[in-house]
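User: I have a structure to get through and I'm new to this. Can we take it piece by piece?

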Amino acid sequence: MKALQSSADSGTAFPGVVLAGGRSSRMGRNKALLPFGPESLVLRATRRLTPQVTAVAINANDRPPELEALGFSVFSDLDDSRSGPLAGILASLRYAGVASWSSSHVVTVAIDSPFFPTDLVARLAGAIDRPDRIAVAASSGGLHPVFGLWPLALADDLEHWLSSGRSLRLRDWLARHGATEVHFADHETGLGRLDPFFNVNTPADLVAAQHWLGALDP
Ligand SMILES: Nc1nc2c(ncn2[C@@H]2O[C@H](COP(=O)(O)OP(=O)(O)OP(=O)(O)O)[C@@H](O)[C@H]2O)c(=O)[nH]1
Ligand SMILES: [Mg+2]
């Protein structure tokens, strides 16, 4: 069995994927390319993730030229069913093989949580001690399982789970394996406490997020 490839001394050693494969139906337009501060949500996510991981790729099903031109590897779900985040996690586990990422796990983050913690990966990695363990993020707002550390060894299990018509709910597949939950504190801002996993789903959420952005460090 592969050793868990992370240590406090060498820093985290996992590749990361920005999950941007959803429909953005509540927003009404592709969330990845939404302007956010001086950049876009996808650039914000990659910029926040890059210092935490060994490589970054983007998982997307809508792939306009502006997305492809960012300089990151982009890969789609295995099929076009848009069946939810589990499809993106499976695609990420499979992409790890395509990209020859030699690690025990892949990290995923959501496209639409622009304030996710800068110590996300270190904290998730520090919470598990075996290469077959899953770690997921939690906060005052509850569990955020799209932010997780996923063992590559579970790819076949997940593919079978999805292809056999089991639940598409991420939490249902998590329950099958168990996961270590890692709690993250709110950001303290001049405007009050902000859940680091604040989620931008609607145009109103985007307005609120821009407001929070002004109250936070870069
Ligand atoms: N790869 C992939 N990722 C998905 C899929 N559905 C949701 N996601 C991702 O999961 C995260 C949470 O998605 P949601 O905010 O719940 O859904 P959304 O599709 O982005 O937006 P809505 O259509 O408004 O629900 C985001 O990072 C999405 O890009 C999917 O079918 N495939
Ligand atoms: Mg969302």
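Predicted model: local features only at pLDDT ≥ 70, side-chain atom pairs only at ≥ 80, totals over all residues.

User: How many helices and strands does the protein have?

Analyst: There are seven helices and 13 strands. Helices (H or I, at least four residues) and strands (E, at least two) are DSSP runs, numbered from the N terminus.

User: And what about its radius of gyration?

Analyst: The protein has 16 Å, which agrees with the value near 17 Å that a compact globule of 218 residues would have. The radius is taken over C-alpha atoms, and the globule rule is 2.2 Å times the number of residues to the power 0.38. Along the principal axes, the C-alpha atoms fill a box of roughly 45 × 40 × 30 Å.

User: What percentage of the residues is buried?

Analyst: Buried residues are 42% of the 218. A residue is buried if 20 or more other C-beta atoms lie within 10 Å of its own, exposed if 12 or fewer, and partly exposed in between, with C-beta atoms placed from the backbone.

User: Ligand next. Which residues are closest to ligand 1?

Analyst: The closest are Gly 21, Gly 22, Ser 25, Arg 26 and Gly 88, out of 23 residues that surround ligand 1. Being near means that the C-beta atom, placed from the backbone, lies within 6 Å of the molecule.

User: Which element gives the largest share of that shell?

Analyst: That is α3, with four residues. The elements giving two or more residues are β3 (16-20) and α3 (85-98).

User: How does the shell split by class?

Analyst: Eight residues are nonpolar, nine polar and six charged. Ala, Val, Leu, Ile, Met, Phe, Trp, Tyr, Cys and Pro count as nonpolar, Asp, Glu, Lys and Arg as charged, and the others, Gly among them, as polar.

User: Which residues does the UniProt "binding site" annotation cover?

Analyst: According to the unreviewed UniProt entry, that annotation covers Leu 19, Ala 20, Gly 21, Lys 31, Asn 59, Asp 77 and Asp 112. UniProt positions are given in the numbering used here, feature names are shortened, and annotations may be inferred rather than shown by experiment.

User: Take Gly 21. Is it buried or exposed?

Analyst: Gly 21 is buried, because 26 C-beta neighbours lie inside 10 Å. Gly 21 sits in the loop between β3 and β4 (35-36). Leaving aside neighbours within four places in sequence, its contacts include Asn 59, Asp 77 and Gly 88. Contact means that the C-beta atoms of two residues, placed from the backbone, lie within 7 Å.

User: Where is Asp 77?

Analyst: Asp 77 is in the loop between β7 and α3. Asp 77 also counts as buried, with 23 C-beta neighbours inside 10 Å. Beyond four places in sequence, Asp 77 is in contact with Gly 21, Asn 61, Ala 87, Gly 88 and Ala 91.

User: New topic: β9. Why is it largely enclosed?

Analyst: Four of the five residues of β9 are buried, so the rest of the structure largely encloses this strand. One residue of β9 (135-139) is Ala 137, which is buried with 26 other C-beta atoms within 10 Å.

User: Which strands pair with β9?

Analyst: β10 (142-151) runs antiparallel to β9, joined by five bridges, and β11 (180-183) pairs in the parallel sense over four bridges. Two strands pair if DSSP finds at least two bridges between them. β9 and β10 form a hairpin with two residues between them.

User: Which residue stands opposite Ala 137 in β10?

Analyst: That is His 144. In β11, His 183 is the bridge partner of Ala 138.

Note on methods:
Residues numbered from 1 in each chain as written. Chains lettered and ligands numbered in written order.
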